[in-house]
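User: I'd like to learn how to read strand order and helix packing. Can you walk me through this one?

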Amino acid sequence: MRTSARQGPEIWLRDPVAVPPAPEPAPTSPGRVRRFSWVGTHGGSGVSTLAAVYGGQDCGRDWPGPADPPSVLLVARTHATGLASAVHALEVFRRGEAPAGLDLDAVVLVADAPGRLPRPLAQQIRLIESVVDVYRVPWVPAWRLGDLSGCPPRETAALVRLTATVR
């Protein structure tokens with residue numbers, strides 16, 4: 001007796017598949033700035049620089065207070081210690097040990113040096129990306145010199161959209 005595997009119908013696409021439009025942001029007041037707090041997972045993570053460039057509340061290494069926005073962007077550098085501290089902070093949220101009312105929006109990873117990451121660090125980042133949204137900020141030489149006047153790097157377009165004024 002001959003057994004054949006059942007297969008689904010063949011589908012032929014003759015035209016390009018259209019990409020669905022991006023979802024519209026949630027309706028808010030026109031020109032209202034999205035409110036969020038930058039929280040560093042370790043010293044030197046870049047919280048003050050990110051707050052100056054992208055806006056939002058600079059909380060340093062402290063949890064946002066009652067008057068601060070409850071939406072949190074955790075910040076860490078891409079070196080081993082920075083990534084370990086980001087994982088620790090994620091565990092604090094996972095275990096419910098973060099202050100009540102805070103909402104973890106994403107992790108923002110700031111390059112600790114120019115160039116490509118070593119493989120073990122890239123693997124650690126993939127692990128973090130598997131549990132939370134991650135935004136990457138490349139090495140910006142001008143920021144090292146204190147010049148925050150230019151436009152954010154084009155590689156951070158998604159972060160710009162996240163932190164921008166809602167229209």
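Analyst: Happy to. Two strands pair if DSSP finds at least two bridges between them. Helices (H or I, at least four residues) and strands (E, at least two) are DSSP runs, numbered from the N terminus. This is a predicted model: local features need pLDDT of at least 70, side-chain atom pairs count only at pLDDT 80 or more, and totals for chains, interfaces and linings use all residues. Residue numbers start from 1 along each chain as its sequence is written, and side-chain values use heavy atoms, leaving out hydrogens and water.

User: Which order do the strands of the open sheet have?

Analyst: Strands of a sheet pair through backbone hydrogen bonds, either parallel or antiparallel. Here 5 strands run β2-β1-β3-β4-β5, with parallel pairing. β2 (57-58) and β5 (134-137) are the edges, each pairing on one side only.

User: How many bridges join β3 and β4?

Analyst: β3 (residues 71-77) and β4 (residues 103-110) share 7 bridges; Arg 77, for one, has Val 110 in β4 as its bridge partner.

User: And at what angle do α2 and α3 cross?

Analyst: Axes are lines fitted to C-alpha atoms, for helices over the stretch in contact, and angles run from 0 to 180 degrees between N-to-C directions. The axes of α2 (residues 80-94) and α3 (residues 119-129) come within 10 Å and cross at roughly 15 degrees. That makes α2 roughly parallel to α3 (angles under 35 degrees count as such).

User: Which residues of α2 and α3 meet?

Analyst: Contact means heavy atoms within 4.5 Å. Ala 80, Leu 83, Ala 86, Val 87 and Leu 90 in α2 meet Leu 121, Gln 124, Ile 125 and Ile 128 in α3.

How values were computed. Angles under 35 degrees count as roughly parallel, over 145 as roughly antiparallel, 65 to 115 as roughly perpendicular and the rest as oblique.
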